[in-house]
Amino acid sequence: MSILVFGHKNPDTDTICSAIAYAELKNKLGKDVKAVRLGEINEETKYALNYFKAEKPELVENVAGKEIILVDHNERTQTAEGFEEAKILELIDHHRISNFNVDEPLYARVEPVGCTATIILKLFKENNLVPSKETAGLMLSAIISDTLLFKSPTCTECDIKAGKELAEIAGINADEYGLEMLKAGTALGDKSEAELLNMDMKIFEIDGIKIGVAQVNTVNEAEVLERKEKLLAEIDNIIVKDGLKFFMLAITNILTNDSTALVSGDGNDVIEKAFGEKVDSNLATLKGVVSRKKQIIPPLTKAIQG
C-alpha cells in the first residue's frame, strides 16, 4: 500500500506542488509514495498544473489506517480526517508547530523559509538528485505563490536561490511566468461566496480559542467587497459550523501589497489590539500585510494570549 503525502485542507499551490515533488523524491529513493489532496484546487494551482502538464492528485477524505507524510502543515485543525488512526512517518513544513501530537518518533524537517518547496529542493540536493523539469516548474510555482513572486516578508535568501535554480531546471522565466500564474489566481468572479472563503481557509486554535483566517489574492479589492453582505452571511455560517470565536478574510492586493480584512464574530477587540487598526463596518485596513503566516497569525496569537 502506498504511503500518502499531502498538505492541508483547502489546498494552495505549495500544498499541492510540494506533495507532488516530495512523492517524486521519495519514489526516486525507492519508496512507494503517492501525492494526494484533501480538497479542491484553486485557479492558481490549476494554472500551474496545466502549464507543466501535471495531473492533480487524487482526493482523499480519510487517512485512518494509512502511512502518511505531512507537507506544508502540521496543525490538527488543518489536516485529514482519520489523522489519529494513521501512522505519521514524516513532516516537512515551514509553519509554526501547534496542536501536533504523535504516538511515535518521526522524521521532521521544519525550517523558517517562505515555502515548503524550498526545503524539498534542499532534500533533493542532499540526496544528490534533481527534480524532473515539470516538477521543478511546480516547485517554482509553489515558491512564487507563497512569496508573492519573492516580494512577501516571508521570502528568504533560500527561497530566492531555490527559485533561480528551479527556473533554470524548468527552463522558464520566473518573473513572466509568475505574474501570469498569480493573475490566474485572482479570477474570482465565477466563485460562490462559500467557494471563495474556502479557497484558502485555515482554522487555528490559540489557547483553546478557535479562529478562522481565509485569504484571497486580487488586483481589485473593490470587486470582492461588492459581495460584502453575502460574504458576511457565509462567514457567519462557518463561525457556527466550526465553533469559531471570529473569522477574518484577508483580501490581498498583489499589486499594492496591502490587505483589507473582512471580519465577523466576537473578535474586534483582538483584531484592533493585534493590528492597531479600528474595525469599522466589519472592515479593517492592513497596510503592507500580505502574509497570513508571518503578519496575521503572530499578532493575533499575541493579542489573544495577552
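This is a predicted model: local features need pLDDT of at least 70, side-chain atom pairs count only at pLDDT 80 or more; totals for chains, interfaces and linings use all residues.
Fourteen is the count to keep in mind for the lining, as 14 residues make it up, and K9, M201, I203, K241 and D242 are the ones nearest the centre. Strand 7 and helix 9 (228-242) are the elements that give two or more residues to this lining. Helix 9 has the largest share, with 5 residues. By type, the lining of the second largest pocket splits into 3 nonpolar, 5 polar and 6 charged residues.

Now for the largest pocket. Where does the largest pocket lie? It also sits between domain 1 (3-186) and domain 2 (193-305), since both of them give residues to its lining. The volume here is about 640 Å³. There are 34 lining residues, and D12, D146, D200, Q215 and R292 are the closest to the centre. Several elements give two or more residues each: helix 2 (43-51), helix 4 (133-147), strand 7 (201-206), strand 8 (209-218) and helix 11. Which element gives the largest share of this lining? That would be helix 11, with 5 residues. Sorted by type, the lining of the largest pocket has 7 nonpolar, 16 polar and 11 charged residues.

In an unreviewed entry, UniProt puts the feature "binding site" at D14, D72, H94 and D146. These residues span 133 residues in sequence, yet no two of their C-alpha atoms are more than 10.8 Å apart, so they gather at one spot. Of the four positions, D72, H94 and D146 are included in the lining of the largest pocket. D146 also turns up among the residues closest to that pocket's centre. As for D14, its place is in helix 1 (residues 13-28). Is D14 buried or exposed? D14 counts as buried, at 0% relative accessibility.

The unreviewed entry lists residues 178-304 as "domain: DHHA2". That span is 43% helix and 28% strand, and its end C-alpha atoms lie 36 Å apart.

On to the charged pairs. Side chains of opposite charge can pair when their charged atoms come close. How many salt bridges does the structure hold? The count is 21, and here are three of them:

| Salt bridge | N to O distance |
|---|---|
| E111 and R109 | 2.8 Å |
| K287 and D258 | 3.4 Å |
| E272 and K278 | 3.8 Å |

Take E111 and R109 to begin with. Both residues are buried.

K287 itself counts as exposed, at 62% relative accessibility.

Then there's E272 with K278, paired at 3.8 Å, N to O. E272 is partly exposed, with a relative accessible area of 21%; the cut-off for buried is under 20%. K278 is exposed, with a relative accessible area of 62%.

G114 is found in the loop between strand 6 (107-110) and helix 3 (116-126). With a relative accessible area of 1%, G114 is buried. Which distance separates the C-alpha atoms of G114 and T147? It is 6.0 Å, although the two residues are 33 residues apart along the chain.

Terms used. Residues are numbered from 1 along each chain as its sequence is written. Side-chain values use heavy atoms; hydrogens and water are left out. A salt bridge is a side-chain nitrogen of Lys or Arg within 4 Å of a carboxyl oxygen of Asp or Glu. Buried means under 20% relative accessible area, exposed over 50%, partly exposed in between (1.4 Å probe, protein chains only). UniProt positions are given in the numbering used here, feature names are shortened, and annotations may be inferred rather than shown by experiment. Helices (H or I, at least four residues) and strands (E, at least two) are DSSP runs, numbered from the N terminus. On a 1 Å grid over the protein atoms alone, a cavity is a set of points where a 1.4 Å probe fits but cannot get out, and a pocket is an open set with protein on both sides within 12 Å along at least five of seven lines; lining residues have an atom within 4 Å of a point. Grid points are joined across faces, edges and corners, and a volume is the space filled by probe spheres set on the points. Ala, Val, Leu, Ile, Met, Phe, Trp, Tyr, Cys and Pro count as nonpolar, Asp, Glu, Lys and Arg as charged, and the others, Gly among them, as polar. Domain bounds come from an automatic or database domain assignment.
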